[in-house]
Amino acid sequence: MAYLKNEALIDIATFLAKRWSENINTSVEFSDKNIVITKINTNKIILPTITKYAGNDFQKYRQFRTMLWYCAMRLRFCEKILSDDHAFGFILNTIETRRIEILGRRIWNGMDDELVFNYAYIWNYRPILNNVYNKVRIVEAFHQYFIIGDVKGEMSSSHFQKIIDATKYSNKILEEAINNNYGTKWLEKKIPDIIKILDIDSLLTIPIQVKNRNNNLITDNHILQTIIKISNKKQYSENYNEKIFKGRRISEEYKNIIEENIKNENKKIYANEIGIKIPSVDDEDETSIRDVDLINRLKIKFKKLKINLKEEFANVGDEFDFDSYLDKHKPFFLDNITSIKTKIMILLDHSSSIAKNRLEYKKATLALCEVLSYLRIRFSIYAFNTTNKEITCWLIKSDDSKWDDVSARRLSKIEANGGTPLAEVYTKMKSMLYLKKPDIFLTLTDGEPTDPDAVRNAIRSFKLSNIRMAAIGLGYNTLHVITIANNLKMLGYEKILAVSKVNDITDKILNILDKK
Amino acid sequence: MSAINNSELVEHVEYIDWNNSMTLLKKAYDAKLFVLIIGPKGTGKTTLVRKFAPIIHRKLDSINFSLRTRESHLIGSKTLIDGSVSFIDGILVRSMKNGSMLYLDEINSAEADVLLRLDEALDDRRQIVLKESTGETIKSHDNWFVMATINPLTHIGTKELPPQLISRFPVRIKLDYPPEDIELKIIQKYLTENHDEDVKQGIKLANTLRQAASVEELYYAPSLRETIAYGKMLDSGIDKKEAAYLIFGNVYTQWGNIEYQKVNDIITSMF
């Protein structure tokens, strides 16, 4: 893959999966393994990283997008998903895939072209029957014939007759399920009939060779020819093979993702150049640090700070107020937008002392970011820890990007480890600070820096550049809080706050921001 | 300026009472209990009120609140007529005197001082002292009836209603977006041709965007007005996908390219 990173896909993939599945709790993750998993109980979709698909970047994206759609449809329409390690589950999932596709297309019929395109790849990913042995060959042949209407390779006529009979029966029960709105459990009861027709054991093990995509050499010509073959067999609304192959319907969407991806990459390159890293979040799940109650509580508490219109009277203006004039007040009125204008840069201490309260600390900091984003405050957030005996500064969210699931996952990913060498951290942050020029640079820490004199010098130099230096001390009780606050004061911060409860962090920070 | 439609003539209004609101309003009216209708924009709150006024045979006086609404709009003000100073009643005083149905639209957009005067008139005594004029006390007509609407707090410019004012409206009707089949019936009333399948898709799209907006993943939720507009565009011969972009998609450009693209992706998947 040239440059399309999974990270650029998470935001759009999560958004689409939530809308397609009609489930706001749906989350999307990537896995290095070449597997697709849909977890109904946890509303989680796990997809292979985009590099696992064949074709060029756009073709990979299209397959990824369609795979995501199928998973979202599973969340929407399946009652259960069995493992496809054995013939029983494999056959049920095969029929279920078609059922959810039919139901899904009733709403999302703009997916038709993409489904045909995806089938072209599916067909090319399937193994040739001659390479599949024993009764697994029958199961694979059934899968191919049911899904595409054809088989790859050769098989005996007696076996092929079984495939035709099983497919005929499967289509019949599928139609019955669709017409009568029967779900997975009803279909599951019919699977033994198919197993019987195919004359196989329901516990027959399905090898990886059959379950996974095989990265056969697939050329554009292969795909185009397969599209023609499939669109002739299937009844889709449109049948323009060349158009399906080119995928113009989603090319604009892809173009935008690439643009975002380039922007992200440029930020990464710049951050790397100045010694700041960005955590990779492919397999990270942020749900454990997302405290929805806390977030909602804080949002309700601070909603008054959200952009609001405030009327003010003046001696000059465009709009004249007659009543005010009669009352001998200033007769012109102006609507002023009140909001928090302060640009803030936040640095989170992730030294080892945070580790014991890691979860609460992350929940509180994630809630803080959610509230700042909700109030549309321009903020950037960084963290530092020690990895491989080296101080690392991590970029969680830059000031010109939106707070989203990717940022939350980055926050979740950072391990609490090492000491608090603040001066070293400030040195690493220096070029970013001078470039971004935040109004306030706020450090959240729970301990004394290991290099206080150097920290004092760094703070002094930042203050000379008109950056307000603030710090929040986290203590485990009142006495500890007072000690930390005193230590921070000695370091020369202009504004010092201290809390013993992590959930108070948001209150304290919002109180120091200017409301204009 | 706040739009004030004095003595609004009640015209023929199409309304489908899908959640039995009309019956609830009638019961509240019979019990002389004022009503607060709560719901997002474009869910038919105003249409419901306009339809209800002729049912109870009352004239409708309505006022749409905004930052620009002054006490004087409600109470009245002194003015010079034929060389003498006279006091012209505001809409609240006039409605109290005439016993009309007073409709206070988007009451939570008003400033605190305006709400205070309203509170005075709406308490159990149903009277107001005209301190702006001669200081006389105006008592409301026996049949005076008041209904107010509020938008959810997520709407820009809206504020929380003070608790004492909320208590003046003991009957609270929640009016949300109608179910898909009802929304279809409502839209059908505005169309000359049958576009049922395409309209259903438009409603589905609107509901998808409403769901995303409800969890703040999008900044804007399309209203019933927009689904009606979508139907009208279909009626005018525009292709369903193009109509979807025109009515539902393009508006999101004002929140940036990513927001716009997300909605476009949904439209592409649907049409």
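Author: Two strands are said to pair if DSSP finds at least two bridges between them. In this predicted model, A:I276 stands opposite A:C393 in strand β10 of chain A.

Reader: What makes strand β4 (residues 276-277) of chain A a partner of β10(A)?

Author: Two bridges join β4(A) to β10(A), and the strands run parallel.

Reader: In which sense do β9 (residues 379-387) of chain A and β10(A) pair, and over how many bridges?

Author: The sense is antiparallel, and seven bridges connect β9(A) with β10(A). One of the paired positions is A:I381, whose bridge partner in β10(A) is A:K397. The two strands form a hairpin with two residues between them, and A:N388 in the turn has a positive phi of about 50°.

Reader: How do you know that β10(A) is mostly covered?

Author: Seven of the eight residues of β10(A), which spans residues 390-397, are buried. Buried here refers to a relative accessible area under 20%.

Reader: Why is A:T420 called buried?

Author: A:T420 has a relative accessibility of 7%; the limit is under 20%, therefore the residue counts as buried. A:T420 lies in the loop between α15 (405-413) and α16 (422-436) of chain A. Apart from neighbours within four places in sequence, its contacts are A:D349, A:S351, A:F384, A:T445, A:E448, A:P449, A:T450 and A:D451.

Reader: Which residues have the most contacts inside the largest nonpolar core?

Author: They are A:I91, A:I95 and A:I194, in a core of 117 residues. Helix α2 (residues 57-77) of chain A supplies the largest share of this core, 12 residues. A second, separate core has 50 residues, among them B:M101, B:L104, B:L118 and B:L130. As for A:I95, the residues it touches include A:F142, A:F146, A:L187 and A:I194, with those up to four places away in sequence not counted.

Reader: What makes B:E217 and A:R19 a salt bridge, and why is the pair said to join two chains?

Author: The side chains of B:E217 and A:R19 meet at 2.8 Å, N to O. The criterion is a nitrogen within 4 Å of a carboxyl oxygen, so this pair qualifies. B:E217 lies in the loop between α8 (196-214) and α9 (224-235) of chain B, and A:R19 in helix α1 (residues 6-21) of chain A, so the pair joins two chains. Both B:E217 and A:R19 are buried.

Reader: How many salt bridges lie between chain B and chain A, and over how much buried area do these chains meet?

Author: The count between chain B and chain A is five salt bridges. Another of the cross-chain pairs is B:E259 with A:K402, at 3.6 Å, N to O. The area buried between chain B and chain A is about 3300 Å², of which carbon and sulfur atoms give 49%. On the side of chain B, the residues that lose the most area to chain A are B:R68, B:K262 and B:S269, together 17% of what that side buries. The contact involves 29 residues from chain B and 38 residues from chain A.

Reader: Why is A:E188 classed as buried, and why is A:K80 classed as partly exposed?

Author: A:E188 has 18% relative accessibility, under the 20% limit, so it counts as buried. A:K80 has a relative accessible area of 28%, which is between 20% and 50%, and therefore it is partly exposed. A:E188 and A:K80 form a salt bridge, with their closest N and O atoms 2.9 Å apart. This pair links distant parts of the chain: A:E188 is in helix α7 (residues 184-198) of chain A and A:K80 in the loop between α2 and α3 (87-107) of chain A, 108 residues apart.

Reader: Where do B:D30 and B:K26 lie, and what makes B:K26 partly exposed?

Author: Both B:D30 and B:K26 lie in helix α1 (residues 21-30) of chain B, four residues apart, about one turn of the helix. B:K26 has 33% relative accessibility, between the limits of 20% and 50%, so it counts as partly exposed. B:D30 and B:K26 form a salt bridge, their closest N and O atoms being 3.1 Å apart.

Reader: How many salt bridges are there between domain 1 of chain B and domain 2 of chain B?

Author: The count is one salt bridge. The side chains of B:E226 and B:K41 also meet in a salt bridge, at 4.0 Å, N to O. Domain 1 of chain B and domain 2 of chain B bury about 770 Å² between them, 67% of it on carbon and sulfur atoms.

Technical notes:
Residues are numbered from 1 along each chain as its sequence is written. Chains are lettered from A and ligands numbered from 1 in the order in which they are written. This is a predicted model: local features need pLDDT of at least 70, side-chain atom pairs count only at pLDDT 80 or more; totals for chains, interfaces and linings use all residues. Side-chain values use heavy atoms; hydrogens and water are left out. Buried means under 20% relative accessible area, exposed over 50%, partly exposed in between (1.4 Å probe, protein chains only). Contact means heavy atoms within 4.5 Å. A nonpolar core is a set of buried Ala, Val, Leu, Ile, Met, Phe, Trp, Tyr and Cys residues joined through side-chain atoms within 4.5 Å. Buried area is the accessible area (1.4 Å probe) that two parts lose on being put together, summed over both.
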